[in-house]
Amino acid sequence: MQVYHLSDTLSLGGTVTPDYKRNAALAEPFVKALERGETCFWATVYSTQFLSESLEKFSLADMQTDWEKWTCEGIFEYIRRREFPEAPPRLQAGYYFQRLEDCIELFTVDWGKASDEERARIHLYRMNLADDRPSLFDMRFFDAAYDLLWEREDLPALMGIARQYFRGEGSEHPVWELLSTGTGRAVEDLSHLLHPREER
């Protein structure tokens, strides 16, 4: 199956395999905390937030220290395991898109204000995916959960958003991402489509 993929680590000819970035472990403490109860969960969130803010203070922060992301990933994984076990785990799966337009929009939203150096690290590939039936979810729901966590501590609402995501619902302006634990191979570099101005 032909799909598209954005990456800052993949090279042409390389493959995306389950948890190839080794990020699943970053969300697991939040899943375990939820299994013990809401009080334990929020204690885990606060301690992670303190660590994240401390690293930020010394300019050591990056996506790997983004407490909101890993908190949300933990909530989504907790809901998936309990209510949607047939769905692929987000952090064990590769993320792909059916449409080039969605890749370009995602790049603009996520890296539009990044430095030229950061933007240049992001590559867009056409991929051959060894999965004819990947799962389809609206990534806007994860974004909504991330924003909600930043605004207020509402665990039932966050869990509700995770359920909408795994039910395959669509938001008002969905951006559909394909999740698959099948192997994806980068067969064509289309990064020039992300940086049209830089090439002039």
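**Note on charged and aromatic side-chain contacts**

R152 is partly exposed, its relative accessible area being 44%. The remarks below concern a predicted model, and they start from this residue.

1. The partner of R152 is D154: the two form a salt bridge, and their closest N and O atoms are 3.5 Å apart. D154 counts as partly exposed as well, at 22% relative accessibility. The cut-off matters for this residue, because buried means under 20% relative accessible area.

2. In total, the structure holds 13 salt bridges. Side chains of opposite charge can pair when their charged atoms come close.

3. R81 and E77 are joined by a salt bridge, with 2.6 Å between the closest N and O atoms. The two residues belong to helix α3, which covers residues 67-83, and they are four residues apart, so about one helical turn separates them. As to accessibility, R81 is partly exposed at 35%, whereas E77 is buried at 12%.

4. A network of salt bridges links E28, E77, R80 and R81. Anyone inspecting the charges of R81 and E77 will therefore find E28 and R80 in the network too, because a salt bridge is counted when a side-chain nitrogen of Lys or Arg lies within 4 Å of a carboxyl oxygen of Asp or Glu.

5. R163 forms a salt bridge with E83, and here the closest N and O atoms are 2.8 Å apart. This pair links distant parts of the chain: R163 lies in helix α7 (residues 155-166) and E83 in helix α3, 80 residues apart. R163 is partly exposed, with a relative accessible area of 24%. E83 is also partly exposed, with 35%.

6. Turning to the rings, the count comes to ten aromatic pairs. One of them is F41 with W42: the ring centres are 4.9 Å apart and the planes stand at 65°, so the pair is edge-to-face. F41 is buried, with a relative accessible area of 0%. W42 is buried too, with 9%.

7. W42 also pairs with Y46. Their ring centres are 6.1 Å apart and the planes are at 25°, so this pair is stacked. W42 and Y46 lie four residues apart in helix α2 (residues 38-57), so they are separated by about one helical turn. Y46 counts as partly exposed at 40% relative accessibility, whereas W42 is buried.

8. One aromatic cluster is formed by F76, F84, F137, F142, Y165 and F166. F142 has a charged neighbour as well: the charged end of R90 sits over the ring of F142, 4.1 Å from its centre.

9. A second contact of a charge with a ring involves K69 and W70. The charged end of K69 sits over the W70 ring, at 5.0 Å from the ring centre.

Terms used: Residues are numbered from 1 along each chain as its sequence is written. This is a predicted model: local features need pLDDT of at least 70, side-chain atom pairs count only at pLDDT 80 or more; totals for chains, interfaces and linings use all residues. Side-chain values use heavy atoms; hydrogens and water are left out. Buried means under 20% relative accessible area, exposed over 50%, partly exposed in between (1.4 Å probe, protein chains only). Rings of Phe, Tyr and Trp (its six-membered ring) pair if their centres lie within 6.5 Å; planes under 30 degrees apart count as stacked, over 60 as edge-to-face and the rest as tilted. A charge sits over a ring if NZ of Lys or CZ of Arg is within 6 Å of the ring centre and within 35 degrees of the ring normal.
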